[in-house]
Amino acid sequence: MQLFSTWQGLAYVLAMCAALTAIFGKLGVAEMNSDLATFIRTIVILVVSALIITSRGVWSATGDIAWKGALFLVLSGVATGFSWLFYYRALQIGQASHVAPLEKISVAFTVILAVIFLGEALTLRTTLGAGLVVAGAVVLAWI
């Protein structure tokens with residue numbers, strides 16, 4: 001399927017899944033503590049990921065994991081965990097239509113950090129695009 005064979009197609013699917021994450025998450029945290037909701041979500045992700053890895057027969061590749069890559073994945077996991085905890089708490093006390101767009105300011109942070117740590121080029125297009133994302137998020141969240 002063409003949608004799953006390019007990074008752009010996958011990004012569109014990601015965007016739809018992220019939208020559903022906000023809606024389902026908002027409904028879920030209305031019924032319980034946001035930290036507990038994050039824990040439940042994490043368990044589900046763990047199970048789904050394990051099923052996908054099993055179905056693709058990728059468990060054998062675990063011996064090929066380099067310590068440096070593993071360290072960065074652990075750090076990414078810690079950042080993701082905090083992100084989810086803050087996201088669910090924000091959803092619990094705020095409107096999904098305000099929280100989800102404001103979270104997208106992470107695009108600007110990603111661009112800045114990619115330039116600093118990954119050596120990616122900061123082009124006019126990238127700067128303008130990130131600026132428009134931030135402007136759109138601010139309009140949706142506060143105006």
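Is lysine 104 buried, exposed or partly exposed, and what is its relative accessibility? Lysine 104 counts as partly exposed because its relative accessibility is 35%. The cut-offs are under 20% relative accessible area for buried, over 50% for exposed, and partly exposed in between, with a 1.4 Å probe and protein chains only.

1. **Basis.** This is a predicted model, in which local features need pLDDT of at least 70, side-chain atom pairs count only at pLDDT 80 or more, and totals for chains, interfaces and linings use all residues. Residues are numbered from 1 along each chain as its sequence is written, and side-chain values use heavy atoms, with hydrogens and water left out.

2. **Overall fold.** The chain has 6 helices and 0 strands. Its pattern along the sequence reads α-α-α-α-α-α. Helices here are DSSP runs of H or I with at least four residues, strands are runs of E with at least two, and numbering starts at the N terminus. The C-alpha trace spans about 50 × 45 × 35 Å along its principal axes. Of the 143 residues in the chain, 17% are buried. Among contacts with a separation of 6 or more, 65% come from residues 24 or more positions apart. Contact means heavy atoms within 4.5 Å.

3. **Lysine 104.** This residue sits in the loop between helix 4 (96-103) and helix 5 (106-118). Tryptophan 7 lies 97 residues away from lysine 104 along the chain, and their C-alpha atoms are separated by 18 Å.

4. **Helix 1 against helix 3.** Helix 1 covers residues 7-29 and helix 3 covers residues 67-93; their axes come within 9 Å and cross at roughly 65°. Helix 1 is therefore roughly perpendicular to helix 3. Angles under 35 degrees count as roughly parallel, over 145 as roughly antiparallel, 65 to 115 as roughly perpendicular and the rest as oblique. The axes are lines fitted to C-alpha atoms, for helices over the stretch in contact, and angles run from 0 to 180 degrees between N-to-C directions. The crossing of helix 1 and helix 3 is right-handed. Right-handed means that the near helix is turned clockwise from the far one by less than a right angle; anticlockwise is left-handed. Thr21, Ala22, Gly25, Lys26 and Val29 of helix 1 meet Tyr87, Tyr88, Leu91 and Gln92 of helix 3. By class, this contact of helix 1 with helix 3 has 5 nonpolar, 3 polar and 1 charged residues. Nonpolar covers Ala, Val, Leu, Ile, Met, Phe, Trp, Tyr, Cys and Pro; charged covers Asp, Glu, Lys and Arg; the others, Gly among them, are polar.

5. **Helix 2 against helix 3.** These axes come within 9 Å and cross at roughly 130°. Helix 2 is therefore oblique to helix 3. The crossing of helix 2 and helix 3 is right-handed. Helix 2 contributes Ser34, Asp35, Ala37, Thr38, Arg41, Thr42 and Ile45, while helix 3 contributes Trp84, Leu85, Tyr87, Tyr88, Arg89 and Gln92. The contact of helix 2 with helix 3 divides into 6 nonpolar, 4 polar and 3 charged residues.

6. **Threonine 38.** Threonine 38 belongs to helix 2 (residues 34-56). It is buried, because its relative accessible area is 5%. Leaving aside neighbours within four places in sequence, threonine 38 is in contact with Trp84, Leu85 and Tyr88.

7. **Helix 3 against helix 4.** Helix 3 and helix 4 pack at about 150°, with axes 8 Å apart. Helix 3 is therefore roughly antiparallel to helix 4. Their crossing is right-handed. Tyr87, Ala90 and Leu91 of helix 3 meet Ala96, Val99, Ala100 and Glu103 of helix 4. The contact of helix 3 with helix 4 has 6 nonpolar, no polar and 1 charged residues.

8. **Cover over helix 4.** The buried residues of helix 4 are Ala96, Val99, Ala100 and Pro101. Their cover includes helix 1, helix 3 and helix 6 (124-142).

9. **Aromatic pairs.** The structure holds 2 aromatic pairs. Rings of Phe, Tyr and Trp (its six-membered ring) pair if their centres lie within 6.5 Å; planes under 30 degrees apart are stacked, over 60 edge-to-face, and the rest tilted. Phenylalanine 82 and phenylalanine 86 are stacked, at 6.3 Å centre to centre and 20° between the planes. They are 4 residues apart in helix 3, so about one helical turn separates them. Phenylalanine 82 is partly exposed at 47% relative accessibility, and phenylalanine 86 is exposed at 60%. Tyrosine 87 and tyrosine 88 form a tilted pair, at 6.3 Å centre to centre and 40° between the planes. Tyrosine 87 and tyrosine 88 are both buried.
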